[in-house]
Amino acid sequence: MFASELISNSIPPLKTSDTVQKSLDRMAEFKLSHLPIVNETQFLGLVAEEELIEIRDVEQSIGSLSLSILNPFVSEDVHVYDIIRLFNQLHLSVVPVLDYKKNYLGLISVNSILEYTSNIYAVKEYGGIIVLEISNRNNSLSHMAQIVEADNAQILSSYVQSFPDSTRLEVTLKINKTELSGIIASFERYNYQVKAVFNSTISDNGTEDRFNSFMNYLNV
């Protein structure tokens, strides 16, 4: 997935002639804390809500103010992982997308990234979740898939988390069924450490309810 495929055309940029009040109203309308300033197709930078709310005369145009304009952007063919990293590093609510002539193409909102992430991790799909703790030498997704498929199930999504100063990894598997007892037993038989289980029909300690509440929040 590339930046050009994630552009939202429903959120118009600001112009230098727009007032502070109009800028704040638009941010409130789209529930964003940043918006790009664009004249014609020229990207001038991002303006932040936290700076605009400090201005007393809200009828001033944003082009007449001395603002701390941010200048982050991505090119149209940048991969989504690089976009997510930029969102995280700079704590942005939008990322502008430019072509190679520096013309403004549109923006990617944090909500678009959340929806994309929800799709690639199969958040909306029915199923259970198993979290394994393994050595980084035993990180064989193909072997994990064989264990799951032997129980007539499939891995819908997976991701790996590493930890500083540790050789251990945490592998999270989303599986297309909630009856996980056979899969869990197989993992343990192959000396995998099952760290946590969610959405399983074999256990109910309140964890499932908390996880389902979180999933429902993401889907709002």
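1. Basis. Because the model is predicted, local features need pLDDT of at least 70 and side-chain atom pairs count only at pLDDT 80 or more, while totals for chains, interfaces and linings use all residues. Residues are numbered from 1 along each chain as its sequence is written, and side-chain values use heavy atoms, with hydrogens and water left out.

2. The second largest pocket. A pocket here is an open set of points on a 1 Å grid over the protein atoms alone, where a 1.4 Å probe fits, with protein on both sides within 12 Å along at least five of seven lines, and lining residues have an atom within 4 Å of a point. The second largest pocket has a volume of about 260 Å³, the volume being the space filled by probe spheres set on points joined across faces, edges and corners. Its lining includes Tyr81, Phe87, Val110 and Tyr121; α3 (80–90) and α4 (110–120) each supply at least two lining residues, and α4 gives the largest share, with 5 residues. Helices (H or I, at least four residues) and strands (E, at least two) are DSSP runs, numbered from the N terminus. By class, the lining has 8 nonpolar, 2 polar and no charged residues, where Ala, Val, Leu, Ile, Met, Phe, Trp, Tyr, Cys and Pro count as nonpolar, Asp, Glu, Lys and Arg as charged, and the others, Gly among them, as polar.

3. Helix α3. Val80, Ile83, Leu86 and Phe87 are buried in α3, and, seen down the helix axis, the buried residues fall within an arc of 115°, so they line one face; the arc is that of the directions from the axis to the C-beta atoms. Buried means under 20% relative accessible area and exposed over 50%, with partly exposed in between (1.4 Å probe, protein chains only). The face turned away from the buried side carries the exposed residues Tyr81 and Asn88, whereas the cover over the buried residues includes β3 (74–75), β4 (94–98), β5 (104–109) and α4.

4. Ser23. This residue of helix α1 (residues 20–30) is buried, with a relative accessible area of 0%. Leaving aside neighbours within four places in sequence, Ser23 is in contact (heavy atoms within 4.5 Å) with Leu14, Asp18, Leu35, Leu52 and Ile62.

5. Loop residues. Asn152, between α5 (141–149) and β7 (155–162), has a positive phi of about 60° although it is not a glycine, and at 75% relative accessibility Asn152 counts as exposed. Asn191, in the loop between α6 (181–189) and β9 (193–198), has a positive phi of about 65°.

6. Annotation. An unreviewed UniProt entry places the feature "domain: CBS" at residues 7–62, a position given in the numbering used here, under a shortened feature name, and annotations may be inferred rather than shown by experiment. The end C-alpha atoms of residues 7–62 lie 24 Å apart, and the span is 27% helix and 23% strand.
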